[in-house]
Amino acid sequence: MNILQECQGASRVAITGHVRPDGDCVGSCLALYQYLRKKMPQAQVRVYLEKPAEIFACVKGFDDIDSQCEDTDPYDVFFVLDSVPERMMEPAGKLFDKARKTINIDHHISNTGTCDVFRVVPEASSTAELIYELIDRESLDADLAMAIYIGIIHDTGVFQYSNTSPRTMEIGADLIRWGFDFPRLILETFYQRTYLQSQVLGRVLLESVRFMDGKCIVSCLDRKIMDFYEVEHADLDGIVNHLRNIKGIHCAVFMYQTGVLEYKVSLRSDEWVDVSKVAAFFGGGGHMRAAGCNMKGTFHDCVNNLSLHIKEQMESRLSVQEDGDRQE
Ligand code: AMP
Ligand code: MN
């Protein structure tokens, strides 16, 4: 795919990502926004996203993000990044339906590609990595490099998760040549938590429960507790990783309440469980080691339903292991 060729002759271009935008979503949308503004100065380019966390305010273009999406005129080209179209924020969906051409750039294994043009690469660490590969190198500058870098560090846990490839490291190396303050960026957007966010993390860990012989763990935040600590979904990013990091855990489940009998579920695993399959069964998606979905029912209903699917995968792995032991 050549982004500029796809946008040739376009006078109105829109860019959007998924609901509750994370670092990769914000980074890749703003990187593409900066690139198109630079290469197509005569075109009108807009970014539609739900309000991202303030930690991303350092990325150029952040203040131009439109979270209201009141426009009704059709776009010539409509980009959906880091997401399937179904996971866009509601008002952007109406504009998407009217667009002359739709383009989807993503790295979620669950995305089967339904737009007019799509580039879905599950092996890529992040959508930001794909944006890096799609833009011409001469257009890179410090702001663009920083936007891409943010996307990559957030989806790789700072080059730590198994989605980090040699290519990801090469891209990281090329990006930091631009001289932005990357240690500060990593600290302030990835590791640092406010006092209240840290207290909530403590609470989630304290109230976690292990199941399946201590191989899985679940913890849940209900609305009352979220209101008490005055936290929103953006404050809960990364909590599930702390559950996954516990020794002996192969699958971690973190849930928070989004409505009456409604939860957002985050799943993390190691090679024992492909959580993208578990999430896909419940209408969500993601990657093999990190996925999510929305579920309805009581906390116990949700956990029971999820654990059936997790258990199935665990048991088939254990039986393969036992067969191997017998053969030795
Ligand atoms: P989260 O647990 O929300 O941080 O998400 C983990 C991964 O799964 C991210 O790559 C998300 O983009 C993806 N994901 C989360 N929820 C969904 C969903 N409902 N549908 C598709 N992908 C999702
Ligand atoms: Mn991503």
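In this predicted model, the charged end of arginine 12 sits over the ring of tyrosine 75, 4.0 Å from the ring centre. Tyrosine 75 also pairs edge-to-face with phenylalanine 78, at 6.2 Å centre to centre and with 80° between the planes. Tyrosine 75 is buried at 0% relative accessible area, and phenylalanine 78 is buried at 0% too. Both belong to one aromatic cluster, made up of Tyr48, Tyr75, Phe78 and Phe96.

Aromatic pairs turn up elsewhere as well, with 10 found in a search of the whole structure. Tyrosine 149 and phenylalanine 182 have ring centres 6.1 Å apart and planes at 65°, so this pair counts as edge-to-face. Tyrosine 149 belongs to helix H5 and phenylalanine 182 to helix H7 (residues 182-191), so the pair ties together parts 33 residues apart in sequence. Tyrosine 149 is buried at 4%, whereas phenylalanine 182, at 29%, is partly exposed. A further charge-over-ring case puts arginine 137 over the face of tyrosine 132, 4.2 Å from the ring centre.

Aspartate 24 in helix H2 (residues 23-39) and aspartate 155 in helix H5 (residues 142-156) link distant parts of the chain, 131 residues apart. Aspartate 24 is buried at 0% relative accessibility, and aspartate 155 is buried at 15%.

As for the nonpolar packing, the largest core holds 54 residues, of which Ile15, Leu36, Phe79 and Leu175 touch the most other members. A second, separate core has 25 residues, including Met212 and Leu306.

Technical notes:
Residues are numbered from 1 along each chain as its sequence is written. Chains are lettered from A and ligands numbered from 1 in the order in which they are written. This is a predicted model: local features need pLDDT of at least 70, side-chain atom pairs count only at pLDDT 80 or more; totals for chains, interfaces and linings use all residues. Side-chain values use heavy atoms; hydrogens and water are left out. Helices (H or I, at least four residues) and strands (E, at least two) are DSSP runs, numbered from the N terminus. Buried means under 20% relative accessible area, exposed over 50%, partly exposed in between (1.4 Å probe, protein chains only). A nonpolar core is a set of buried Ala, Val, Leu, Ile, Met, Phe, Trp, Tyr and Cys residues joined through side-chain atoms within 4.5 Å. Rings of Phe, Tyr and Trp (its six-membered ring) pair if their centres lie within 6.5 Å; planes under 30 degrees apart count as stacked, over 60 as edge-to-face and the rest as tilted. A charge sits over a ring if NZ of Lys or CZ of Arg is within 6 Å of the ring centre and within 35 degrees of the ring normal.
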